[in-house]
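Please consult the structure while reading.

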Amino acid sequence: MEYLSRCMNQLKSNLDFNFHPRCEKLNITHLMFADDLLLFARADKISVKLLLDAFSKFSSASGLEANMDKSNIYFGGASVLDKTDILAGEKISEACLPFGYLGVPLSSKKMSYQQCKPLVDKILARAKVWSTKFLSYAGRLFLIKTILFGMQTFWCQIFILPKRIIKEVEAYCRCFLWTGDTAASKKALVAWDKLYLPRNSSSWSVDSFYMKGKNPLQVPTPGSVLGLLKRFSTIERLFYRLVDGTKLLLMGNIALVRLYTTDRLQAWGIQCTDKCVMCSVGKETVEHLFFDCCFSSTVWNKVLLQIGIHGSSTGFASELHKVVKRIRKTGVVDKLYVMCFTEAIYSIWLARNAVIFKRPTKSIENIAREILFRVCCRGSEELRSRLLHN
């Protein structure tokens with residue numbers, strides 16, 4: 001390749017050779033990457049011939065020849081007469097910009113929507129392949145952050161994407177995250193702009209490239225009870241050590257009033273009973289299900305007794321307030337309380353769904369044992385010893 005560069009550089013001293021208008025200041029005649037070569041010259045027959053003769057000289061010396069079937073000539077601002085004259089003397093076919101290279105289109109002008117549409121098509125095709133698999137929210141979120149947004153970032157490193165393209169990519173990623181499909185849907189559990197907030201603002205931090213600068217600690221949340229969950233952002237690292245992603249997602253849905261309780265379903269116009277399926281007494285809301293319901297309160301009381309805390313459930317708001325206080329502490333009982341709280345929320349929600357979808361239901365004792373078993377599996381040796389001792 002060094003010899004090719006020397007052959008091309010000799011054209012600079014040839015008075016008959018004319019540089020490409022945009023390459024004359026830098027004396028650029030060619031660009032190489034791997035086994036690909038771009039040659040530049042003004043659109044006149046003599047300059048093109050001198051350029052190809054220099055390459056032919058390199059081919060004769062090295063034995064490396066260009067595949068003319070895969071080679072094209074691109075014109076910009078040339079007259080029809082000059083094009084015809086050049087094409088008649090060379091065995092190279094004409095092509096139009098942009099042309100694809102390393103997975104992206106290259107153009108001499110700002111990329112239009114139609115030229116960037118292949119990016120949307122690639123993301124859509126990749127998401128459709130994944131839509132046939134049973135992926136969790138965490139799995140889909142991971143694929144969006146690493147694969148889909150990685151494809152978009154690769155394009156963004158080369159040129160500025162049109163706003164319409166960015167919005168379409170967001171739309172497909174949003175639908176894939178919440179529904180597992182790419183079809184248009186409004187089943188979002190969390191507003192998309194909240195996913196773009198930085199991670200230190202207690203968001204999912206899908207991509208800081210689209211960060212809008214809003215702090216969820218300053219965004220009003222309906223209900224004083226649900227607003228307590230916002231305080232978890234100051235102790236996020238401790239919380240992530242004690243609770244896995246599935247429980248965090250459920251807690252986030254509760255915080256943002258996105259849990260599919262019957263009061264929300266009725267607000268959407270869905271015909272269903274508003275009675276709690278666990279106790280058949282109260283109206284099913286987040287506050288009732290955790291822990292005003294006699295079923296869930298009994299489960300929670302049994303768990304509290306097992307970790308050495310005597311007393312009865314005082315409702316979701318009060319229990320959540322205790323969790324926020326205890327998560328700052330490092331005591332064994334405090335850690336057990338936080339872990340058992342999130343596991344109890346998760347287990348009660350699963351039990352509620354089992355009743356609705358006619359699945360085999362578990363007794364209160366079995367649910368309490370499963371909660372403690374999962375805490376033992378995730379906890380340290382010190383936590384397990386405390387549970388077994390009680």
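Q: How far is the sulfur of Cys377 from the closest cysteine sulfur?
A: The model is predicted. A disulfide requires two cysteine sulfur atoms within 2.5 Å. The closest cysteine sulfur to that of Cys377 belongs to Cys376 and is too far for a bond, because the distance is 6.9 Å.

Q: How many disulfides does a search of the whole structure find, and which cysteine sulfur is nearest to Cys175?
A: The search of the whole structure finds 0 disulfides. Cys175 is accordingly in no disulfide. At 9.5 Å, the nearest cysteine sulfur is that of Cys173.

Q: Is Cys175 buried or exposed?
A: A residue counts as buried under 20% relative accessible area. The relative accessible area of Cys175 is 9%, so Cys175 is buried.

Q: Is Cys377 buried or exposed?
A: A residue counts as exposed over 50% relative accessible area. Cys377 has a relative accessible area of 52%, and therefore Cys377 is exposed.

Q: At roughly what angle do the axes of helix H5 and helix H6 cross?
A: Helix H5 covers residues 137-156, and helix H6 covers residues 163-179. Their axes come within 9 Å and cross at roughly 160°. Angles over 145 degrees count as roughly antiparallel, so H5 is roughly antiparallel to H6. The angle asked for is roughly 160°.

Q: How many nonpolar residues does the contact of H5 with H6 have?
A: Among the contact residues are Leu141, Ile144 and Phe149 of H5, together with Val169, Cys173 and Phe176 of H6. By class, the contact has 1 polar and 1 charged residues, and its nonpolar residues number 12.

Methods:
Residues are numbered from 1 along each chain as its sequence is written. This is a predicted model: local features need pLDDT of at least 70, side-chain atom pairs count only at pLDDT 80 or more; totals for chains, interfaces and linings use all residues. Side-chain values use heavy atoms; hydrogens and water are left out. Buried means under 20% relative accessible area, exposed over 50%, partly exposed in between (1.4 Å probe, protein chains only). Axes are lines fitted to C-alpha atoms, for helices over the stretch in contact, and angles run from 0 to 180 degrees between N-to-C directions. Helices (H or I, at least four residues) and strands (E, at least two) are DSSP runs, numbered from the N terminus. Angles under 35 degrees count as roughly parallel, over 145 as roughly antiparallel, 65 to 115 as roughly perpendicular and the rest as oblique. Contact means heavy atoms within 4.5 Å. Ala, Val, Leu, Ile, Met, Phe, Trp, Tyr, Cys and Pro count as nonpolar, Asp, Glu, Lys and Arg as charged, and the others, Gly among them, as polar.
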